[in-house]
Amino acid sequence: MRLRDKIDDVDQQLLQLLAQRLKLVAEVGEVKSEHGLPIYVPSREAAMLARRRQEAESLGVPPDLIEDILRRAMRESYSSEKDTGFKTVNPAAGPIVVVGGKGQLGRLFVQMFELSGYEVRVLGSQDWAQADDILAGASVVMVTVPITRTVEIIEKFSTLPADCILCDLTSTKSDPLNAMLRVHQGPVVGLHPMFGPDISSFAKQVIVVCDGRDSARYQWLLDQFALWGAKLKSATAKDHDEAMGLVQAMRHFSSFVYGMHLKSENADIEQLLAFSSPIYRLELAMVGRLFAQDPALYADIILSSPDALGMFRRYIERFSDAVSCLENNDRDGFIRQFSEVADWFGQYAEQFMGESRQMLLVAHDRRHID
């Protein structure tokens, strides 16, 4: 019992130290806000983790352990730092209008702009009678509405101020970007946040940027995103949409079909969880996650991808080829195909092995077994 009491004492000390760290982080957040420093600096994080790993090793502490603890603490830090607000990159900017700002993603950007000191106005579906007043003097008009209505809504903005930035947050870019360029002669940029509205911080989150027109005039907006901690990835609308066919449409559709299959097989989820390895539990969680969300949103994401149907058909053909390999009991053929794909993945296979190992450890640690 005395050993357990000592461990409890150490745990209490850890709690006190973590509380002290969070208090210091809050003070750092105030300094960053005052001086306009980003909440996430990759080089600083990497250097600090490298030092802590070396120090841990010298003390006989597994370096992975201290890195896991620090990464979790930093995630909490990034989340709490935003509470102190952010420096206003463009104090001279007029109102920022978020079209669809009452939706989940819209509300997130409204919050972040307000934390950054801007006047923010929301143009919702019930507000169009007052649209002229809401849009008056706008420096940014950000369209965040369902994919099926994005172009229709964009076409309403033919009389924006010449220096107003027109942008959208849709997960497809070619059609919205072309629509914005048609209706507005000022700065235009297509944006795609690669995250959902439930994030606690913009730190390390990716926003894809598709240039439309006058990048120098909308650069301050990107600088504001970077100050929030976001990573900006430039791409053409064409390249973006092609990538999204795999990153979004293919992934979501595969999860949808697998969920349909489990239902059709009347699988016992409790039994699957009881028998699952950590990796299958994680895969099942990702499939189940899809069905906890808005079906209309995912229908629009999948159906809006212009090349998705052709890709799905090619996937079915490859799935059929793989089944034929099994039907023929072609073990050598399976191994050959496996090796060819492994060669194609190259060094990424080992990289993904390492990354997935960390995710599996977290999933396993959180598992409760009666």
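**Salt bridges and the sheet in a predicted model**

User: Which residue meets Asp168 in a salt bridge?

Analyst: In this predicted model, the side chain of Asp168 takes part in a salt bridge with an N to O distance of 3.0 Å. A salt bridge is counted where a side-chain nitrogen of Lys or Arg lies within 4 Å of a carboxyl oxygen of Asp or Glu. The partner of Asp168 is Lys173.

User: On what basis are residues numbered and features counted?

Analyst: Residues are numbered from 1 along each chain as its sequence is written, and side-chain values use heavy atoms, with hydrogens and water left out. As the model is predicted, totals for chains, interfaces and linings use all residues, side-chain atom pairs count only at pLDDT 80 or more, and local features need pLDDT of at least 70.

User: Is Lys173 buried or exposed?

Analyst: Buried means under 20% relative accessible area, exposed means over 50%, and partly exposed lies in between (1.4 Å probe, protein chains only). Asp168 has 0% relative accessibility and is buried. Lys173 has 0% relative accessibility, so Lys173 is buried.

User: Which parts does the salt bridge of Asp64 and Arg53 tie together?

Analyst: The side chains of Asp64 and Arg53 meet at 2.9 Å, N to O. Helices (H or I, at least four residues) and strands (E, at least two) are DSSP runs, numbered from the N terminus. Asp64 lies in residues 63–81 and Arg53 in residues 42–58, so the pair ties together parts 11 residues apart in sequence, namely helix H3 and helix H2.

User: What is the relative accessibility of Asp214?

Analyst: Asp214 forms a salt bridge with Arg217, with the closest N and O atoms 2.8 Å apart. Arg217 is partly exposed at 41%. Asp214 also counts as partly exposed, and its relative accessibility is 30%.

User: Which residues do salt bridges that share partners join into one network?

Analyst: The search of the whole structure finds 13 salt bridges. Those that share partners join the following residues into one network: Glu45, Arg53, Asp64, Glu67, Arg71 and Lys204.

User: Which strands are the edge strands of the open sheet?

Analyst: The open sheet has 7 strands with mixed pairing, in the order E2-E1-E3-E4-E5-E6-E7. Two strands pair if DSSP finds at least two bridges between them. Each edge strand pairs on one side only, and these strands are E2 (120–123) and E7 (231–234).

User: Which residue of E3 stands opposite Val99?

Analyst: Strand E1 (residues 96–99) and strand E3 (residues 140–143) run parallel and are joined by 4 bridges. Opposite Val99 stands Val143.
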